[in-house]
Amino acid sequence: MIDLEIRTAVPDDAKAVLAFWEEAAEGTSITDDVAGVTRLIGRDPQALILAESGGTLVGSVIAGYDGWRCSLYRLAVLPSHRRQGVATALLEAAERRFLAVEGRRGDAMVLEANERAQRAWAAAGYRREDHWRRWVKPLPRP
């Protein structure tokens, strides 16, 4: 494992996180803008967990808790830092957060076509539940 600093994001990190996701994350979301990331941090300051190495952002995970469910999104690692323990460290931090709020299960959103991510989640002890499907409806913007 490389030397990592694991910390929660602050609003000033929003632009750097978005640039990081463009390079390291698979796919995009309608909330991928400064306002969306800043809103996440403002609503749940512990949710966006970052990994840095030598001052460089090398990993992220969103560990959201809404009082009911523990949800994981945007586990991403810079390509040059993959397979060096970054994802493991991020998931350990997320799981510690969930245990602290007495969470019972972590649910991860994983793109169907992202086989590398599916292998990573499986290696971390998560399993696929085929009896669930995600249903979405984009909301109109005012």
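This is a predicted model: local features need pLDDT of at least 70, side-chain atom pairs count only at pLDDT 80 or more; totals for chains, interfaces and linings use all residues.

User: Where is Arg-83 found, and is it buried or exposed?

Analyst: Arg-83 is in the loop between β4 and α3. Buried means under 20% relative accessible area, exposed over 50%, and partly exposed in between (1.4 Å probe, protein chains only). Arg-83 has 87% relative accessibility, so it counts as exposed.

User: What about backbone angles, such as the phi of Arg-83?

Analyst: Here's the general idea: most residues other than glycine have a negative phi. In Arg-83, phi is near 65 degrees, a positive value in a residue that isn't glycine. Glu-102 also has a positive phi, of about 65 degrees, and is not a glycine either. You'll find Glu-102 in the loop between α3 and β5, and its 68% relative accessibility makes it exposed.

User: How do I read a pocket?

Analyst: Rolling a probe the size of a water molecule over the atoms shows where empty space is left. On a 1 Å grid over the protein atoms alone, a pocket is an open set of points where a 1.4 Å probe fits, with protein on both sides within 12 Å along at least five of seven lines; a cavity is a set where the probe fits but cannot get out, and lining residues have an atom within 4 Å of a point. Grid points are joined across faces, edges and corners, and a volume is the space filled by probe spheres set on the points. Here, the second largest pocket has a volume of about 220 Å³.

User: Which residues line the second largest pocket?

Analyst: Its lining includes Tyr-65, Trp-68, Cys-70, Glu-102 and Asp-107. To sort a lining, Ala, Val, Leu, Ile, Met, Phe, Trp, Tyr, Cys and Pro count as nonpolar, Asp, Glu, Lys and Arg as charged, and the others, Gly among them, as polar. This lining divides into three nonpolar, two polar and five charged residues.

User: How many salt bridges does the structure hold?

Analyst: A salt bridge is a side-chain nitrogen of Lys or Arg within 4 Å of a carboxyl oxygen of Asp or Glu. The structure holds eight of them. In one, Arg-7 pairs with Glu-52, with the closest N and O atoms 2.9 Å apart. That pair links distant parts of the chain, since Arg-7 is in strand β1 (residues 5-8) and Glu-52 in strand β2 (residues 48-53), 45 residues apart. Glu-52 is buried, at 16% relative accessible area.

User: Which residues are linked in a network with Arg-7?

Analyst: Arg-7, Asp-13 and Glu-52 are linked in a network of salt bridges. Asp-13 lies in the loop between β1 and α1 and, at 13% relative accessibility, counts as buried. Contact means heavy atoms within 4.5 Å. Leaving out residues up to four places away in sequence, Asp-13 touches Arg-7, Thr-8 and Leu-50.

User: Which salt bridges does Arg-128 form?

Analyst: Arg-128 forms one with Glu-112, the closest N and O atoms being 2.8 Å apart. Arg-128 lies in the segment after α4 (115-123) and Glu-112 in the loop between β5 (106-108) and α4, so the pair ties together parts that are 16 residues apart in sequence. Arg-128 is partly exposed at 46%, while Glu-112 is exposed at 54%. Arg-128 also forms a salt bridge with Asp-130, with the closest N and O atoms 2.3 Å apart.

User: Last one: which residues touch the most other members of the largest nonpolar core?

Analyst: In soluble globular proteins, nonpolar side chains tend to be buried together. A nonpolar core is a set of buried Ala, Val, Leu, Ile, Met, Phe, Trp, Tyr and Cys residues joined through side-chain atoms within 4.5 Å. The largest one has 36 residues, of which Trp-21, Leu-48 and Leu-72 touch the most other members. Helix α3 gives the most to this core, with seven residues. Among the residues that Leu-48 touches are Val-17, Trp-21, Leu-40 and Ile-62.

Conventions:
Residues are numbered from 1 along each chain as its sequence is written. Side-chain values use heavy atoms; hydrogens and water are left out. Helices (H or I, at least four residues) and strands (E, at least two) are DSSP runs, numbered from the N terminus.
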